[in-house]
Amino acid sequence: MILKLVLRRFAIGALTLLVVSALIFWAVELLPGDIASEVLGQSATPETLAAFRERNGLTDPAMLRYLHWLGGALTGDFGLSLANQRPIAELIGQRVANTFFLAGYAAVIAVPLAIGLGLLAALYRGSALDRFISTSTLAVISFPEFFVAYILILLFSAWLGWFPSLATVSPGMGLGARLYATFLPALTMVLIVMAHMMRMTRAAIVNLLALPYIEMAQLKGLRRWRVIAVHALPNAVAPIVTVVALNLAYLIVGVVLVEVVFVYPGLGQLLVDSVAKRDMTVVQAACLIFAATYIVLNLLADVLGIVSNPRLLHPR
């Protein structure tokens, strides 16, 4: 039963990615203007424009170009950049690694912190600590990413001078220096996603505390923290794991604004620069990578929710 559900989720994920790839390609196709003229400039001669279109396959039918692009994407070949004629895989390789590093950095901080705060809020439900945790996290998530980023730059960079305002990294940089340079963008993302995970953890634990077996454990004289950690938390794994996986997807896909604010050389910054330069092949590749990452992590959330469901693991 579980295997069937998981395979069905994988099939739905593959179909969704195929539909999204078509939407990305045709959305770019429907943009107004001539890509050749935008890239080469208004001073380009008709011969130069014709040669550019021929070299980049822009004269082929749209369906044929889509199939060619999709087949190349499946093998990691996204074609050439229209702006500089370099292979797109070469352009985005380090950028993707930088984006995943930043998202992983934020996740390592956000996940345990959010679960810990959620457990504290559930343990002291209704107290001043519970109200403070809930209010502060909701206040932070109410602001857009760029506003939180600018506030952190003003506080920790302009006023205190503890961290750089620009997240400048290079391929040969050591781990310690990279962690220091990217702390503010990582902290921005932590503050943005932490509230969802914290509130889900709190809600899951609070709901379980009203169940009879939890009340029985309390009546036996077990300490409250032990009741939550040993008896309640294992049964709250499914909703917590699901919301964690969804927020990891948001960490990667929602990193665009944060990368732009801190001028971080990630995939989001490359996407914005490519839009400004009308480099549509790079835009298509970046959007497809973001979409695939989001779909895969959502698929992972579904699968983990299925696998961690006791009613499916132990059917009657």
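Which residue forms a salt bridge with Asp-130? The partner is Arg-202, and the closest N and O atoms of the pair are 2.8 Å apart. The model is predicted, so local features need pLDDT of at least 70, side-chain atom pairs count only at pLDDT 80 or more, and totals for chains, interfaces and linings use all residues. Residues are numbered from 1 along each chain as its sequence is written, and side-chain values use heavy atoms, with hydrogens and water left out.

**Salt bridges**

- A salt bridge here is a side-chain nitrogen of Lys or Arg within 4 Å of a carboxyl oxygen of Asp or Glu, and the count by this rule is two.
- Arg-202 pairs with Asp-130; this pair links distant parts of the chain, with Arg-202 in helix α9 (residues 183-209) and Asp-130 in helix α6 (residues 128-141), 72 residues apart.
- Helices are DSSP runs (H or I, at least four residues), numbered from the N terminus.
- Glu-90 and Arg-86 form a salt bridge through their side chains, at 2.7 Å from N to O.

**Accessibility of the paired residues**

- Asp-130 is buried, at 4% relative accessibility, whereas Arg-202 is partly exposed at 21%.
- Arg-86 is also partly exposed, with a relative accessible area of 36%.
- Buried means under 20% relative accessible area, exposed over 50%, and partly exposed in between (1.4 Å probe, protein chains only).

**Annotated spans**

- An unreviewed UniProt entry gives the annotation "transmembrane region" to residues 7-28, 100-124, 136-159, 179-198, 232-262 and 282-307; such annotations may be inferred rather than shown by experiment.
- Residues 100-124 are 96% helix and 0% strand (E, at least two residues), with end C-alpha atoms 35 Å apart.
- Residues 282-307 are 100% helix and 0% strand, and their end C-alpha atoms lie 37 Å apart.
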